[in-house]
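The exercises below concern a predicted model. Work through each task with the sequence and structure at hand, then compare with the solution.

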Amino acid sequence: MPPPLILDPTTIDLTRVVADREAIRKANPHRGHMEHLTAVVLMDPGEHLIAGYKDVGHDEFWVAGHFPNRPLLPGVIQCEAAAQLLGYYLVVNQIMSGLLGLGGLDNARFRGPVHPGDRLVMVGKGLRVNRRQTVFHAQGFVNANMVFHCDVMGLPITRSDLAC
């Protein structure tokens, strides 16, 4: 059974863009094949609530191989897109600074397919929000149908974490 809705996706105004790709790039370091967030359309810092979407392209790197002749957006990319949405929230609201990392996923469930040409609408709600560790519940929808949900942990990454 799916969890209760964080926010009814039919009530989100997808035409009211709060942050486009250029604005997202100012907060998130992802580039090229790893950019999985198209726009942010709602942000409520008082409720630790954010919504945005990924327009799933026909030319993305995974289309030819996952699965040939019947492409499905991999669940791991759905979770990555949600993590990028939540990372944007943390940076622009100055909760965490610098580079943020995906610290973990809990309770991930995939409930429906996401195909090239779909708009994956994502909603996140902060459960624990502080500068050392955050946990957001995230939900994803295509045409108002919940296709995934998970709890996303975000952590700051220091320069020493990046040293090889």
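**Exercise 1. The largest pocket**

How much space lies in the largest pocket? Describe its lining as well.

Solution. 
- Step 1. The space in the largest pocket comes to about 270 Å³.
- Step 2. Its lining is made up of 22 residues, and A83, G87, L100, G101 and L102 are the ones nearest the centre of the pocket.
- Step 3. Assign the lining to elements: α2 (75-92), β3 (99-110), β5 (134-142) and β6 (145-157) each give two or more residues.
- Step 4. The element that gives the most is α2, with 7 residues.
- Step 5. Sorted by class, the lining has 13 nonpolar, 8 polar and 1 charged residues.

**Exercise 2. The second largest pocket**

Which residues line the second largest pocket? Give its volume and the classes of its lining residues too.

Solution. 
- Step 1. The volume of the second largest pocket is about 180 Å³.
- Step 2. The lining consists of R21, G32, H33, E35, H36, K54, D55, G57, D59, E60 and F61.
- Step 3. By class, 1 of these residues is nonpolar, 4 are polar and 6 are charged.

**Exercise 3. Enclosed space**

How many cavities of 30 Å³ or more does the structure hold?

Solution. 
- Step 1. The search gives 1 cavity of 30 Å³ or more.
- Step 2. The largest cavity contains about 60 Å³ of space.
- Step 3. Around this cavity lie R21, I24, R25, N28, H30, R31, E35, H36, L37 and Q84 as lining residues.
- Step 4. Helix α1 gives the most to this lining, with 3 residues.
- Step 5. The lining of the largest cavity has 2 nonpolar, 4 polar and 4 charged residues.

**Exercise 4. Salt bridges**

How many salt bridges are there? Examine the pairs E35 with R25, E47 with K125, and E60 with K54.

Solution. 
- Step 1. Apply the cut-off, a side-chain nitrogen of Lys or Arg within 4 Å of a carboxyl oxygen of Asp or Glu. The count is 5 salt bridges.
- Step 2. Between E35 and R25 the closest N and O atoms are 2.6 Å apart. E35 is in the loop between α1 (21-27) and β1 (39-44), while R25 is in helix α1, so this pair ties together parts that are 10 residues apart in sequence.
- Step 3. Check the accessibility of this pair. E35 counts as buried at 15% relative accessibility, whereas R25 counts as partly exposed at 27%.
- Step 4. R25 and E35 also belong to a network of salt bridges that includes E22.
- Step 5. For E47 and K125, the N to O distance is 3.7 Å. E47 sits in the loop between β1 and β2 (49-55) and K125 in strand β4 (residues 119-129), so the bridge ties together parts that are 78 residues apart in sequence.
- Step 6. E47 is partly exposed, with a relative accessible area of 45%, and K125 is partly exposed at 27%.
- Step 7. For E60 and K54, the closest N and O atoms are 3.1 Å apart. E60 is buried at 16% relative accessibility, and K54 is buried at 2%.

**Exercise 5. Cysteines**

How many disulfides does a search of the whole structure find? Account for C79 and C150.

Solution. 
- Step 1. The search returns 0 disulfides.
- Step 2. For C79, the nearest cysteine sulfur is that of C150, 4.0 Å away.
- Step 3. Compare this with the cut-off: a disulfide needs two cysteine sulfur atoms within 2.5 Å. C79 is therefore in no disulfide, its nearest cysteine sulfur being 4.0 Å away.
- Step 4. C150 is likewise in no disulfide.
- Step 5. Both sites can be classed by accessibility: C79 is buried at 2%, and C150 is buried at 0%.

**Exercise 6. The nonpolar core**

Which residues have the most contacts inside the largest nonpolar core? State which elements build this core.

Solution. 
- Step 1. The core has 32 residues, and V40, L120 and M122 have the most contacts inside it.
- Step 2. The elements giving two or more residues to this core are α1, α2, β4, β5 and β6.
- Step 3. Among them, α2 gives the most, with 10 residues.
- Step 4. Relate this to Exercise 1: α2 gives the most to this core and also to the lining of the largest pocket.

Methods:
Residues are numbered from 1 along each chain as its sequence is written. This is a predicted model: local features need pLDDT of at least 70, side-chain atom pairs count only at pLDDT 80 or more; totals for chains, interfaces and linings use all residues. Side-chain values use heavy atoms; hydrogens and water are left out. Helices (H or I, at least four residues) and strands (E, at least two) are DSSP runs, numbered from the N terminus. Buried means under 20% relative accessible area, exposed over 50%, partly exposed in between (1.4 Å probe, protein chains only). On a 1 Å grid over the protein atoms alone, a cavity is a set of points where a 1.4 Å probe fits but cannot get out, and a pocket is an open set with protein on both sides within 12 Å along at least five of seven lines; lining residues have an atom within 4 Å of a point. Grid points are joined across faces, edges and corners, and a volume is the space filled by probe spheres set on the points. Ala, Val, Leu, Ile, Met, Phe, Trp, Tyr, Cys and Pro count as nonpolar, Asp, Glu, Lys and Arg as charged, and the others, Gly among them, as polar. A nonpolar core is a set of buried Ala, Val, Leu, Ile, Met, Phe, Trp, Tyr and Cys residues joined through side-chain atoms within 4.5 Å.
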